[in-house]
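Please look through the structure below before reading on.

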Amino acid sequence: MALRLEEARKLGWILLKALMRFTFMFINNCVAIPSYCLYLLLLQPLRVMDSRTFWYIEGVMFKWMLAMVASWGWVAGYTVMEWGDDVKAISEEEAVVIVNHQATGDVCTLMMCLQDKGTVVRKMMWLMDHVFKYTNFGLVSLIHGDFFIRQGKAHRDKQLVYLKDHLDKFYYNRDRKWIVLFPEGGFLRKRRETSQLFAKKNGLPHLTHVTLPRLGATQVILKTLGPQQENGSLGMGDASTIGRLTKPKGLQWVVDVTIAYPKARPMDIQTWIFGYRPPTVTHVHYRIYPIREVPVETEPLTDWLYQRFVEKEELLAHFYETGAFPPPKGQKQAVSKEMTLDPVWLCVIQSLAFASGYMWYNILKYFYCCFF
């Protein structure tokens, strides 16, 4: 009887905590997102006069928005342990980021672990499923210039044309540096069986922890943003100018990100919001490849991408067996470090969001009273 009472108390506390977290996040969204939009609306004259400064300010606010999402997981004890190459060293250079996709929490994890990587977050462009456009954060991503892609054979060719047009119009004009995509084209649990059947039919590796990646979006990004091609691969490129913005050499790196969850239990957005799972450490592994090593023609690039996901499979298999990623070649021990966020900085950002929401409420109320 005492045991049941104790379990009921624990369940009651979990439900109460989930309700409080949801209430806070709902209010947080109600003040932060409209404030972001209203600030940018107010700054439209600056966009006409000095677009670079406008997008700099927008990028800073976008980073703050993502930091708020990161803080939701941080206060619940959902932290990140980082392995592999140091991506901070290339944070000011152009890169395409390819990530394995297991659940909706993958995006939240990236929002958290990239916060301390220099200007990456404010200069980043995301490729996401079109459904994300209709979420609470969709309007922010739409303004920021992220690309929403529709999945399925019926839409594939048109979507790739739209993607190229989107990159041509917005990537350099908004001073973007990193672009993030999930080449698997869907969640692991939804695509695994289809991917394994395809692999068996075509004599490809049997993958359990990842699925075979799709080529289309990756190839469009490399051809559109990569430097001048040299013998079928991407060269180092030359600088040129677009308007008042200096176009860098083009993509310089591919950052291969592998996300692993303890016991292979992915974190979804519901867990991130309600916080009903005990404190959890998500492990993120980075590998950096120079762009000159990446082919762009269809068959070689397909083989290159498949090899990256075979390596992800091996990394994840080792992690699920040992609880750690394997050491890099030539080293005896893998080194990891905990990714940390400054709680004071997070409190300041949240305070600014609520203060902005209060300010805009009073401004709009004043104008409403004046006209009505």
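Helices (H or I, at least four residues) and strands (E, at least two) are taken here as DSSP runs, numbered from the N terminus. The model is a predicted one, in which local features need pLDDT of at least 70 and side-chain atom pairs count only at pLDDT 80 or more, while totals for chains, interfaces and linings use all residues. Residues are numbered from 1 along each chain as its sequence is written, and side-chain values use heavy atoms, with hydrogens and water left out.

An unreviewed UniProt entry places the feature "transmembrane region" at residues 20-42 and 54-75; UniProt positions follow the numbering used here, feature names are shortened, and annotations may be inferred rather than shown by experiment. Residues 20-42 are 100% helix and 0% strand, with end C-alpha atoms 33 Å apart, and residues 54-75 are likewise 100% helix and 0% strand, with their end C-alpha atoms 32 Å apart. UniProt, again in an unreviewed entry, lists "domain: Phospholipid/glycerol acyltransferase" at residues 95-218, a span that is 41% helix and 15% strand and whose end C-alpha atoms lie 12 Å apart.

A nonpolar core is a set of buried Ala, Val, Leu, Ile, Met, Phe, Trp, Tyr and Cys residues joined through side-chain atoms within 4.5 Å, where buried means under 20% relative accessible area, exposed over 50%, and partly exposed in between (1.4 Å probe, protein chains only). The largest such core has 57 residues, and Leu110, Trp126, Trp178, Val255 and Val257 have the most contacts inside it. Helix H3 (residues 51-75) supplies the largest share of this core, 11 residues. Another core, of 27 residues, lies apart from it and includes Phe147, Ile221, Leu225 and Ile291.

Tyr366, finally, has its place in helix H11 (residues 343-371), and it counts as exposed because its relative accessibility is 52%.
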